[in-house]
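Have the sequence and the 3D view open as you read.

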Amino acid sequence: MNIGEAAAESGVSAKMIRYYESIGLISNVARTDAGYRVYSGDDVYTLRFIRRARDLGFSVDQMTDLLALWSDRSRASADVKRIAMEHVAELERKMRELRDMSKTLRHLAEHCQGDGRPHCPIIENLSSGHEAGPANSSKRPKLGGEIARQRQAF
């Protein structure tokens, strides 16, 4: 099958298939005389494996290790479990960090009056207590989205 068919069968986009091939995550597939890639059923199984691993948040390096273990019939399941548990620990660390960020932002937002006055604990926290930003307003980033539209209305 061609790359479009392999993409449809595996759920991995053609662009990602090319990328995975370029970094060596999947081996170079057969090509026609015209240079078109030709994928087999086994290639699609490998792409599905990668898709599922990616959906679970494994890194490319981890996917490389998992693919090697998948193809090694003499593998120890302990090796697979170790990779999975290391990934679980990393995911849990990230979740703790996200919870902490959310808690901090919620606390700051609850203490912001959200009115027309300039005092804002969110800005104070982001600026580490400095009252005003840079004196040269041309160095300030442009406001985007809804805030910019609100400012333009004044």
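In which helix does Ala 7 lie? Ala 7 lies in α1.

## Before we start

This is a predicted model, where local features need pLDDT of at least 70 and side-chain atom pairs count only at pLDDT 80 or more, while totals for chains, interfaces and linings use all residues. Residues are numbered from 1 along each chain as its sequence is written, and side-chain values use heavy atoms, with hydrogens and water left out.

Helices here are DSSP runs (H or I, at least four residues), numbered from the N terminus.

## Ala 7 and its surroundings

Ala 7 is buried, with a relative accessible area of 13%; buried means under 20%, using a 1.4 Å probe and protein chains only. Leaving out residues up to four places away in sequence, Ala 7 touches Val 12, Ser 13, Ala 14 and Ile 17 (contact means heavy atoms within 4.5 Å).

What about Tyr 39? Ala 7 and Tyr 39 are 32 residues apart in sequence, and their C-alpha atoms are 9.8 Å apart in space.

## The nonpolar core

The largest nonpolar core has 21 residues, and Ile 17 and Ile 50 touch the most other members. Such a core is a set of buried Ala, Val, Leu, Ile, Met, Phe, Trp, Tyr and Cys residues joined through side-chain atoms within 4.5 Å. Helices α1 (3-10), α2 (14-22), α3 (41-55) and α4 (60-71) each supply at least two of this core's residues.

Now zoom in on Ile 17.

## How α1 meets α2

Helices α1 and α2 pack at about 100°, with their axes 9 Å apart. (Axes are lines fitted to C-alpha atoms, for helices over the stretch in contact, and angles run from 0 to 180 degrees between N-to-C directions.) That makes α1 roughly perpendicular to α2, a label for angles of 65 to 115 degrees.

On the α1 side the contact is made by Ile 3, Ala 6, Ala 7 and Ser 10, and on the α2 side by Ala 14, Ile 17 and Arg 18.

## How α1 meets α3

Helices α1 and α3 also have axes 9 Å apart, but pack at an angle of about 50°.

Which residues of α1 and α3 meet? Ala 6, Glu 9 and Ser 10 in α1 meet Val 44, Leu 47, Arg 48 and Arg 51 in α3.

Technical notes: Buried means under 20% relative accessible area, exposed over 50%, partly exposed in between (1.4 Å probe, protein chains only). Angles under 35 degrees count as roughly parallel, over 145 as roughly antiparallel, 65 to 115 as roughly perpendicular and the rest as oblique.
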